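Here is a short report on one protein chain. Take a look at the model first, then read on.

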Amino acid sequence: MATIIEKTGKTVEEAIQAALTELGAVEKDVEVEVLENPSKGFFGFGAKPARVQVKLKEITQPVTQAEPQPISKFEVQVEETPEDKNIPEVTEKIDDEKISASETETEVAEEKFSDFDKNAVVDVAKNFLLEVCAAMKIDVTVTAKESDAGIVLDLAGKNMGVLIGKHGQTLDALQYLTNLAANTHDAPEKIRFILDIENYRERRAETLEKLAKSVAERVIRLRQDVKLEPMSRHERKIIHTALQDNDKIETHSAGEDPYRYIVVSPKKRGR
């Protein structure tokens with residue numbers, strides 16, 4: 001495993017977390033150097049990801065010797081044998097206080113898990129969105145509903161286009177921040193929140209599926225690769241899925257986030 005790696009992300013924190021995941025470490029075990037701060041660009045143009053260098057600290061384990069147990073904690077019985085040898089039979093007293101403390105810690109942990117309130121986490125997410133929109137002077141209402149993919153938070157109001165952004169980039173960023181705000185590190189469960197505005201996600205998926213079929217026809221006709229514009233992971237998945245059953249073309253992703261894109265290529269003919 002590398003002890004020094006570089007990672008990129010939409011934010012410095014995201015880049016650091018990606019490095020920690022790859023190293024299998026926590027923040028206290030590494031040294032972080034921010035090589036480049038993220039740049040939002042102008043309305044999505046010229047955006048640059050954050051870039052960090054993370055170095056794994058050398059951890060030295062001090063050599064310690066076990067301290068001998070005080071003799072007062074033991075009852076020793078000595079029995080003489082015919083060979084005049086002393087065979088000690090040692091019986092350690094049970095520390096009831098330690099056992100009681102251990103049981104208490106277990107009970108607290110179990111209680112913490114049982115007290116997990118999903119509705120409370122959803123309320124945190126909704127309040128976060130309301131506060132952000134209020135700061136932007138946008139009046140919205142937020143409704144939540146469950147789906148197979150997670151909790152869908154639907155935003156409704158006037159001038160919602162500013163919250164969607166170009167190809168949903170603003171909506172995706174707001175969705176990322178909402179998940180960070182609502183899911184605390186010590187929560188026993190993580191809830192995935194999906195933000196939607198006036199069924200934008202569904203309409204965008206339909207647009208991408210039509211785009212995929214159109215590009216596939218062009219690739220088959222011209223026998224040339226076609227590179228699509230950068231997309232989020234979710235949108236790339238829609239393209240891959242739409243074309244996976246087409247035996248005349250193949251798709252793969254290239255580049256690095258947030259500029260990762262899909263290449264659609266004609267399948268090589270067998271000899």
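## A link from strand to helix

At 36% relative accessibility, Lys-118 counts as partly exposed. This is a predicted model. The side chain of Lys-118 meets that of Glu-146 in a salt bridge, 3.7 Å from N to O. The two residues come from distant parts of the chain. Lys-118 sits in helix α3, residues 118–135, and Glu-146 sits in strand β6. They are 28 residues apart.

Glu-146 is exposed, because its relative accessible area is 62% and the cut-off for exposed is over 50%.

## A buried pair

How many salt bridges does a search of the whole structure find? The search finds six. One of the salt bridges joins Asp-172 and Arg-201, with the closest N and O atoms 2.7 Å apart. Asp-172 belongs to helix α5, residues 169–182, and Arg-201 to helix α6, so the pair ties together parts 29 residues apart in sequence. Both Asp-172 and Arg-201 are buried.

Arg-201 has a relative accessible area of 17%. Buried means under 20%, so Arg-201 falls in that class. Helix α6 covers residues 200–222. Leaving out residues up to four places away in sequence, Arg-201 touches several others, among them Leu-171, Gln-175, Ile-194 and Leu-195. Asp-172 is also one of the residues it touches.

Within it, the side chains of Glu-36 and Arg-51 meet at 3.9 Å, N to O. Glu-36 lies in strand β2 (residues 30–36) and Arg-51 in strand β3 (residues 50–56), so this pair ties together parts 15 residues apart in sequence.

Are these two residues buried or partly exposed? Glu-36 is partly exposed, at 30% relative accessibility. Arg-51 is partly exposed too, at 30%.

Strand β6 spans residues 140–147, and strand β7 spans residues 150–157. Eight bridges join them, and they run antiparallel. The hairpin between them passes through two residues. Thr-141 stands opposite Ala-156 in β7.

Strand β7 also pairs with β8, residues 193–197. Here there are five bridges, and the strands run parallel. Ile-151 has Phe-193 in β8 as its bridge partner.

## The three-stranded sheet

In what order do the strands of the open sheet lie? The order is β9-β11-β10, with antiparallel pairing. Strands β9 (226–227) and β10 (249–254) stand at the edges. Each has a single partner strand, so one side of each is left without a neighbour in the sheet.

Two bridges join β9 to β11, residues 261–266. Val-226 has Val-264 in β11 as its bridge partner. Helix α6 packs on this sheet and touches β9, β10 and β11. The direction of α6 makes about 40° with that of β11. Helix α7, residues 233–243, lies across β10 and β11. It runs at about 165° to β10.

## Two loop residues with positive phi

Asn-159 is not a glycine, yet its phi is positive, near 55°. Asn-159 is in the loop between β7 and α4. With a relative accessible area of 65%, Asn-159 is exposed.

Arg-223 also has a positive phi, about 55°, although it is not a glycine. The loop between α6 and β9 holds Arg-223. Its relative accessible area is 35%, so Arg-223 is partly exposed.

Terms used: Residues are numbered from 1 along each chain as its sequence is written. This is a predicted model: local features need pLDDT of at least 70, side-chain atom pairs count only at pLDDT 80 or more; totals for chains, interfaces and linings use all residues. Side-chain values use heavy atoms; hydrogens and water are left out. Helices (H or I, at least four residues) and strands (E, at least two) are DSSP runs, numbered from the N terminus. Buried means under 20% relative accessible area, exposed over 50%, partly exposed in between (1.4 Å probe, protein chains only). Contact means heavy atoms within 4.5 Å. Two strands pair if DSSP finds at least two bridges between them. Axes are lines fitted to C-alpha atoms, for helices over the stretch in contact, and angles run from 0 to 180 degrees between N-to-C directions. A salt bridge is a side-chain nitrogen of Lys or Arg within 4 Å of a carboxyl oxygen of Asp or Glu.
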